[in-house]
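Work through the exercises below with the structure open beside you. Try each task before reading its solution.

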Amino acid sequence: ASRNEVMRPPRSGRTSISHGPPRNLMPPRIVVSRKVRSLLTGALALCVVAACSPRTTAQVPSPSPTTSPTTAAQPSPSPTPTTATPHVFVIVMENRTYAQAVTGGYTAELASRYSIATNYHAVSHPSLPNYLALTSGTTWGITDDGWHPLPVGGLGAQLSAAGISWRAYMDGMSGSCTRSGYPYALKHNPFPYYGAACPAEIVPFSQFDQDITGTVPNFVWITPDLCHDGHDCSTQVADQWLSQTVPKILATSAWKDGGLLLITWDEDDGEGSTNHVLTIVIHPGTILHSSARAYDHYSLLASVEDRFKLPRLGQAAQASAMDDLLLTMPVLIRPGA
């Protein structure tokens, strides 16, 4: 876990100065206790870390040149390892370019406070292929939003097979995951496509508030309804929904104790040709506030699978995980130490 810690002053520290007569014009000799020396060393290390850490900017970084992501993995520092099974939250919003998404006030606040990928691209149009890419590493050659039964598999099956708890919360779902009316959208729920069935882990978003007060699943996927995700409503409405939902996640011990929240947009508005979208990486102890590396939905899937030590699916195997944005400030001194 990564928490801001306070360095406590020593209960006592003794320094003594030898006042004997000068010999050969040598200066007085200062003797410092071992306890004081260790504390001074820790303080110096803390100052060095503080001096080298980047400062949070109040402005959202300008987007990087909209080049297509490369599939070759790039060497990058590894994020701080965790011993317990981590918690990862994913929220997928709808149909905004990078520039459009950051016009939301709360979204811009998150982007400036935490980490953003400024050169991140969706992989297809329309919605469904992007959701499949995020959860299986392939679009399956699908180019529409229709119903396409696929083989059993995907991220959900991976998590279940590994004994990792997960739950997908669907905003607006009033019936089964394949037969619910507006504002729920099946095309924004990728999990039933794998095996053409509704896993028990798919539940209405109305259950979310109750669940996060108890044992939070290790992997949480959230699909807002067609208004809250910005598909049918304004950026301001979608931004307001995020401002109501994200603080609930950040208040959980699951997030505070080394958790990770990823917010991305499935695709741009379809008006351009680059499919350049915003992706925000939110975790405690943020070090790097923006990255211009080329990332895409396969990168996000790779990052999630790496976090859980799962084998990468499909094109995630060749994608570059967002390791630079996952770097965490190390804990120097723990409470009570």
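The chain holds nine helices and eleven strands. The model is predicted.

**Exercise 1. Describe the disulfides.**
Task: say how many disulfides the structure holds, and which cysteines pair up in sequence order.

Solution. 
- Step 1. The count is two disulfides.
- Step 2. Cysteine 177 bonds to cysteine 198, with the sulfur atoms 1.9 Å apart. A disulfide here needs sulfur atoms within 2.5 Å.
- Step 3. Cysteine 177 and cysteine 198 both lie in the loop between strand E5 (166-170) and strand E6 (202-204), so the bond ties together parts that are 21 residues apart in sequence.
- Step 4. Check the handedness. The torsion about the S-S bond of cysteine 177 and cysteine 198 is about -100 degrees, so this disulfide is left-handed.
- Step 5. Compare the cover on each partner. Buried means under 20% relative accessible area. Cysteine 177 has 3%, so cysteine 177 is buried. Cysteine 198 has 37% relative accessibility and counts as partly exposed.
- Step 6. Turn to cysteine 227 and cysteine 233. Their sulfur atoms are 2.0 Å apart. The angle about their S-S bond is -110 degrees, and the link is left-handed. Cysteine 233 is partly exposed, at 22% relative accessibility.
- Step 7. Number the bonded cysteines in sequence order. The pairing reads 1-2, 3-4.

**Exercise 2. Examine helix H4.**
Task: decide how many residues of H4 are buried, and name what covers them.

Solution. 
- Step 1. H4 spans residues 127-136, and ten of its ten residues are buried. Among them are Leu128, Tyr131, Leu132 and Leu134.
- Step 2. The cover over these buried residues includes strands E3 (88-93), E4 (115-121), E7 (219-223) and E8 (260-265). Helix H5 (154-161) and H9 also take part.
- Step 3. Go past the end of the helix. Glycine 137 follows H4, and its phi is positive, near 80 degrees.

**Exercise 3. Examine helix H9.**
Task: find which atoms meet at the start of H9, and how many of its residues are buried.

Solution. 
- Step 1. At the start of H9, a side-chain oxygen of aspartate 296 comes to within 3.0 Å of the backbone nitrogen of tyrosine 298.
- Step 2. H9 covers residues 297-307, and ten of its eleven residues are buried. The buried set includes His297, Tyr298, Glu305 and Arg307.
- Step 3. Just after H9, lysine 309 has a positive phi of about 60 degrees.

**Exercise 4. Probe the interior.**
Task: find which residues have the most contacts inside the largest nonpolar core, and what threonine 245 touches.

Solution. 
- Step 1. The largest nonpolar core has 77 residues. Ile91, Phe219, Trp221, Leu261 and Ile263 have the most contacts inside it.
- Step 2. In soluble globular proteins, nonpolar side chains tend to be buried together.
- Step 3. Follow isoleucine 263. Leaving out residues up to four places away in sequence, isoleucine 263 touches Ile91, Met93, Leu110 and Leu242, among others.
- Step 4. Move to threonine 245, in helix H7 (residues 235-250). Threonine 245 is buried, with a relative accessible area of 4%. Not counting residues up to four places away in sequence, threonine 245 touches Phe205 and Phe208.

Conventions: Residues are numbered from 1 along each chain as its sequence is written. This is a predicted model: local features need pLDDT of at least 70, side-chain atom pairs count only at pLDDT 80 or more; totals for chains, interfaces and linings use all residues. Side-chain values use heavy atoms; hydrogens and water are left out. Buried means under 20% relative accessible area, exposed over 50%, partly exposed in between (1.4 Å probe, protein chains only). Helices (H or I, at least four residues) and strands (E, at least two) are DSSP runs, numbered from the N terminus. A polar contact is a pair of N or O atoms within 3.5 Å; within protein, one must be able to donate a hydrogen and the other to accept it, and residues adjacent in sequence count only if both atoms are side-chain atoms. Contact means heavy atoms within 4.5 Å. A nonpolar core is a set of buried Ala, Val, Leu, Ile, Met, Phe, Trp, Tyr and Cys residues joined through side-chain atoms within 4.5 Å.
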